[in-house]
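Please report on the fold, the ligand site and selected residues of this model. Keep the account brisk.

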Amino acid sequence: MPKQPKSRSVVRAGLRSGESVRVLIPHARVTSRLKQLAREIRRDFPKDRLHLIGVLKGCVFFLADLARELGGEVSFDFMAVSSYGKGTASTGEVKLIKDLDVSIEGKTIIVVEDILDTGLTLKYLLRLFEQRKPKDLRVVVLLDKVDRRIVDVRADYIGFTIPNEFVVGYGLDFDERYRNLGDVCVLQFDSHATEESE
Ligand code: IMP
């Protein structure tokens, strides 16, 4: 296979030897899809204050950009749960690391997730939030890996449905790296570790 030229942003995001990335969704497409999602959400709740709950840390750019696209009143809070750690495969365990700062009772809640994979994290969160009696509870995900689902859970608003590949960028990480990549990219592990040397 011919080697893909590396974009400036990929080089700047600290590509390491033995790893390479392939752009799956360029930043411009993410941005335009995000505007559509914001319009859809606002259309469903024209008057409500939308209380966004971001699932750290992958949600940060998505939530920040979405919040700015949503007109009207918007507030937000964050939640942290255990994730993949250093690997690329889920352990199947979900653990609460940081709870919300304020109550969600009676509020219109939009859970903002970077990616829906097995669905375990979202299932866990929805069960927790439903007990707290929000007025409405919706979910927006940037990426949906439908083929990987092992529990029955769906997002109400989906940015992109993607194949079963490990992706990084626009907030998504591998071992805490590549979050600062503007594009959503597939991460590949090379047998020939020459990608990084410029
Ligand atoms: P789930 O519980 O299996 O649905 O996984 C949800 C979490 O796993 C996401 O919020 C991400 O933090 C992480 N995750 C799943 N797939 C990927 C991926 O392709 N790249 C980076 N993180 C991922």
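## Surface and fold

The protein chain exposes about 10500 Å², and carbon and sulfur atoms supply 50% of it. Accessible areas here come from the Shrake-Rupley method with a 1.4 Å probe; for residues, only the protein chains shown count as cover. The model is predicted: local features need pLDDT of at least 70, side-chain atom pairs count only at pLDDT 80 or more, and totals for chains, interfaces and linings use all residues. Residues are numbered from 1 along each chain as its sequence is written, and side-chain values use heavy atoms, with hydrogens and water left out.

The protein chain has four helices and nine strands. Helices (H or I, at least four residues) and strands (E, at least two) are DSSP runs, numbered from the N terminus. Along the sequence the pattern is α-β-α-β-α-β-β-β-α-β-β-β-β. The chain holds 198 residues, and 46% of them count as buried. Buried means under 20% relative accessible area, exposed means over 50%, and partly exposed lies in between (1.4 Å probe, protein chains only).

Contact means heavy atoms within 4.5 Å. Among contacts in the protein chain with a separation of 6 or more, 70% join residues 24 or more positions apart.

## The ligand site

| Residue | Protein atom | Distance to a ligand oxygen |
|---|---|---|
| D117 | polar backbone atom | 2.9 Å |
| T118 | polar side-chain atom | 2.4 Å |
| T121 | polar side-chain atom | 2.4 Å |

Taken alone, the ligand exposes 490 Å², and the protein buries 93% of that.

Which residues of α4 are buried? They are L120, L122, L125, L126, L128 and F129. An α-helix has 3.6 residues a turn, so residues three or four places apart point the same way. The cover over the buried residues of α4 includes β2 (50-56), β3 (74-81), β5 and β6.

I150 sits in the loop between β6 (136-144) and β7 (157-161). Is I150 buried or exposed? It counts as exposed, because its relative accessibility is 60%. I150 touches T118 and L120, leaving aside residues up to four places away in sequence. The C-alpha atoms of I150 and D117 are separated by 8.5 Å, with the two residues 33 apart along the chain.

S20 belongs to strand β1 (residues 19-25). S20 is buried, because its relative accessible area is 7%. Its side chain makes a polar contact with the side chain of D190 at 3.0 Å.

D183 lies in the loop between β8 (167-168) and β9 (184-189). At 13% relative accessibility, D183 counts as buried. Its side chain reaches the backbone nitrogen of H27 at 2.8 Å.

Y170 is also in the loop between β8 and β9. Y170 is buried, with a relative accessible area of 4%. Its side chain reaches the backbone oxygen of F61 at 3.5 Å. The C-alpha atoms of Y170 and F62 are separated by 7.3 Å, although these residues are 108 apart along the chain.

## Cysteines

How many disulfides does a search of the whole structure find? It finds zero. A disulfide is counted here as a pair of cysteine sulfur atoms within 2.5 Å. C59 is buried, with a relative accessible area of 0%. C185 is buried too, with a relative accessible area of 0%.

Notes
Polar contact = N/O pair within 3.5 Å; in protein donor to acceptor, adjacent residues only side chain to side chain.
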